[in-house]
Amino acid sequence: MSAMDIHEILKYLPHRYPFLLVDKVVSIENGKNIVALKNVSINEPFFPGHFPHHPVMPGVLIIEALAQAAAVLTLKTEGNTQKEDSVYYFVGIDGVRFKKPVTPGDQLILKVSIERQIKGLWKYAARAEVDNQLVTEAKLMCTSRSV
């Protein structure tokens with residue numbers, strides 16, 4: 001298992017500020033799982049509007065962070081960095097549950113495991129935690145397509 005800093009993550013993900021939601025990969029086991037993190041800051045561009053009196057990270061962005069971690073896992077497993085002629089798409093979500101709000105100052109731990117891969121469609125079990133407490137869980141599906 002190895003770690004990845006932001007410079008290596010940028011080789012795999014096309015996302016950039018303000019939509020890059022993976023700050024670091026703590027560990028990755030190709031073909032199996034990844035543990036990554038997102039540091040949640042009050043400076044995030046969504047907090048002024050969600051909600052000004054009680055800032056909460058939107059659930060859809062927690063799911064997006066999990067999907068980005070899944071993309072890093074899959075692309076690193078396949079030995080592929082990002083290419084201008086292909087995009088790794090998020091194609092499905094099942095069983096999403098939001099257990100606890102994520103607020104400024106939290107460190108979101110993203111845990112994604114590959115469940116299976118069939119004909120270019122990858123399925124994952126994903127969970128996000130803060131302080132060892134589950135905040136979000138879901139089953140994700142992603143695929144790579146030429147553009």
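Is Asp131 exposed or buried? Asp131 is exposed, with a relative accessible area of 63% (exposed means over 50% relative accessible area, buried under 20%, with a 1.4 Å probe and protein chains only). Before going on, please note that this is a predicted model, in which local features need pLDDT of at least 70 and side-chain atom pairs count only at pLDDT 80 or more, while totals for chains, interfaces and linings use all residues. Residues are numbered from 1 along each chain as its sequence is written, and side-chain values use heavy atoms, with hydrogens and water left out.

**Backbone features**

Asp131 sits in the loop between β6 and β7; helices (H or I, at least four residues) and strands (E, at least two) are DSSP runs, numbered from the N terminus. Asp131 has a positive phi although it is not a glycine, and Lys119 likewise is a non-glycine residue with a positive phi. Lys119 belongs to the loop between β5 (107-118) and β6 (121-130) and is exposed, at 82% relative accessible area.

| Residue | Phi |
|---|---|
| Gly79 | about 75 degrees |
| Lys119 | about 50 degrees |
| Asp131 | about 50 degrees |

One joins Tyr17 and Pro18, with omega of about 5 degrees, and Pro18 lies in the loop between α1 (6-12) and β2 (24-29). Another joins His50 and Phe51, with omega of about -10 degrees; Phe51 is in the loop between β3 (33-39) and α2.

**Helix α2**

Of the 20 residues of α2, 16 are buried, so the helix is mostly covered. Its end C-alpha atoms are 29 Å apart, which agrees with the 28 Å that 20 residues should span at 1.5 Å a residue (the expected span is 1.5 Å times one less than the number of residues).

**The largest pocket**

The largest pocket holds about 300 Å³ of space. Of its 21 lining residues, Tyr12, Pro14, Leu75, Val87 and Tyr88 are the closest to its centre. A pocket is an open set of points on a 1 Å grid over the protein atoms alone, where a 1.4 Å probe fits, with protein on both sides within 12 Å along at least five of seven lines; lining residues have an atom within 4 Å of a point. α2 (59-78), β4 (86-98) and β7 (133-146) each supply at least two lining residues, and α2 gives the most, with six. The lining divides into 11 nonpolar, seven polar and three charged residues.

Technical notes:
Points joined across faces, edges and corners; volume = space filled by probe spheres on them. Nonpolar A, V, L, I, M, F, W, Y, C, P; charged D, E, K, R; others polar.
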